[in-house]
Amino acid sequence: MHFEQSAILTVHNHVITRNPRISVTHDKHDKHKTWFLHISNVQEEDKGRYMCQINTVTAKTQIGYLHVVVSDVEGEVLEMKKVSRLEMGAYLCIASNGVPPSLSKRIKLDVEFPPLLWVPQHLVGIPMSYNITLNCSIEIHPTSLYYWTRDNGSEHIVDSEKYKTEFVNNLRSTYKFEMRLTIINVKQDDYGLYRCYIKNLKGEADGVVRLYCKYHYRMFLLYAVYTYMNDNKKM
């Protein structure tokens, strides 16, 4: 019995309390028939007086006191100077005083910075009637406004049967993204300049991709044969 909590813990070899850390055993071979109360993973709340009682003609009791020592954990400080986007991410602080369980706290560090943008391929060639995807690589936090435009930048490109836009996060980083523009069934008037644009409260950036007509090998071969035959006719 836990005296301070007035809680009956065990009766004979049966555990009454719902506390899974409590168990009871006794040694059958011991002539004194000694009983043991076991408390696993001791907590500060377990401290206090424990009473063992034997129901004989005259009840016999024995009281023991459990004193729980909790050591202080000195505070630790992680000082970071001149942080950049490279230090962004989650940090885990773990505290332990030798008495399980250890405590931990997850702290997320966000660093706001103006967008950085670069174009992996400025010139992209594709024959007509094919689909093509244009890419811009971005580092930004926080994200805000982003879009694609055509030649003069006056008209935003939106999703349609002709275009599909994507803003894809790099799973290995919280601030790296890919802006993608897929042009479906390329026609003659689809060739030209495309501009990717990104902006947040810290700044803005843009990049340009030029899409040009690249003849398919078979088309080029047919054109060469056709030109050769026409030249021979003239002769």
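Reader: Let's get our bearings. How many helices and strands does the protein have?
Author: This is a predicted model, so keep that in mind throughout. The chain runs to 235 residues, of which 23% count as buried. As for secondary structure, the tally is one helix and 17 strands.

Reader: On to the pockets. How much space lies in the largest pocket?
Author: Its lining takes in 26 residues. Those divide into 14 nonpolar, 10 polar and two charged. The space in the largest pocket is about 1,000 Å³.

Reader: Which residues lie nearest the centre of that largest pocket?
Author: Five strands each give the lining at least two residues: S1 (10-11), S3 (22-26), S4 (35-39), S5 (48-54) and S6 (60-66). Out of the 26 lining residues, the ones nearest the centre are Thr-10, Trp-35, Met-51, Cys-52 and Gln-53.

Reader: Is Arg-21 buried or exposed?
Author: Arg-21 is in the loop between strand S2 (14-15) and S3. Its relative accessibility is 14%, and the cut-off for burial is under 20%. So Arg-21 counts as buried.

Reader: Which residue's side chain makes a polar contact with the side chain of Arg-21?
Author: Leaving aside neighbours within four places in sequence, Arg-21 is in contact with several residues, among them His-38, Asn-41, Gln-43 and Glu-45. Asp-46 is also one of those contacts. The polar contact, at 2.8 Å between side chains, is with Asp-46.

Reader: Now the rings. How do Phe-113 and Tyr-175 pair up, edge-to-face or stacked?
Author: The structure holds four aromatic pairs. In the one formed by Phe-113 and Tyr-175, the ring centres are 5.8 Å apart and the planes make an angle of 85 degrees. Planes over 60 degrees apart get one label and those under 30 the other, so this pair is edge-to-face.

Reader: What about Phe-167 and Phe-177: how far apart are they, centre to centre?
Author: These two form a stacked pair, with 20 degrees between the planes. Phe-167 comes from strand S14 and Phe-177 from strand S15, 10 residues apart. Centre to centre, the distance is 4.8 Å.

Reader: Why does Phe-167 count as partly exposed?
Author: Buried needs under 20% and exposed needs over 50%, so anything in between is partly exposed. Phe-177 is buried, with a relative accessible area of 12%. Phe-167 counts as partly exposed because its relative accessibility is 21%.

Reader: What is the relative accessibility of Thr-149?
Author: Thr-149 lies in strand S12 (residues 145-149). Not counting residues up to four places away in sequence, it touches Glu-155, His-156, Ile-157, Leu-193, Tyr-194 and Arg-195. Thr-149 counts as buried because its relative accessibility is 2%.

Note on methods: Residues are numbered from 1 along each chain as its sequence is written. This is a predicted model: local features need pLDDT of at least 70, side-chain atom pairs count only at pLDDT 80 or more; totals for chains, interfaces and linings use all residues. Side-chain values use heavy atoms; hydrogens and water are left out. On a 1 Å grid over the protein atoms alone, a cavity is a set of points where a 1.4 Å probe fits but cannot get out, and a pocket is an open set with protein on both sides within 12 Å along at least five of seven lines; lining residues have an atom within 4 Å of a point. Grid points are joined across faces, edges and corners, and a volume is the space filled by probe spheres set on the points. Helices (H or I, at least four residues) and strands (E, at least two) are DSSP runs, numbered from the N terminus. Ala, Val, Leu, Ile, Met, Phe, Trp, Tyr, Cys and Pro count as nonpolar, Asp, Glu, Lys and Arg as charged, and the others, Gly among them, as polar. Buried means under 20% relative accessible area, exposed over 50%, partly exposed in between (1.4 Å probe, protein chains only). A polar contact is a pair of N or O atoms within 3.5 Å; within protein, one must be able to donate a hydrogen and the other to accept it, and residues adjacent in sequence count only if both atoms are side-chain atoms. Contact means heavy atoms within 4.5 Å. Rings of Phe, Tyr and Trp (its six-membered ring) pair if their centres lie within 6.5 Å; planes under 30 degrees apart count as stacked, over 60 as edge-to-face and the rest as tilted.
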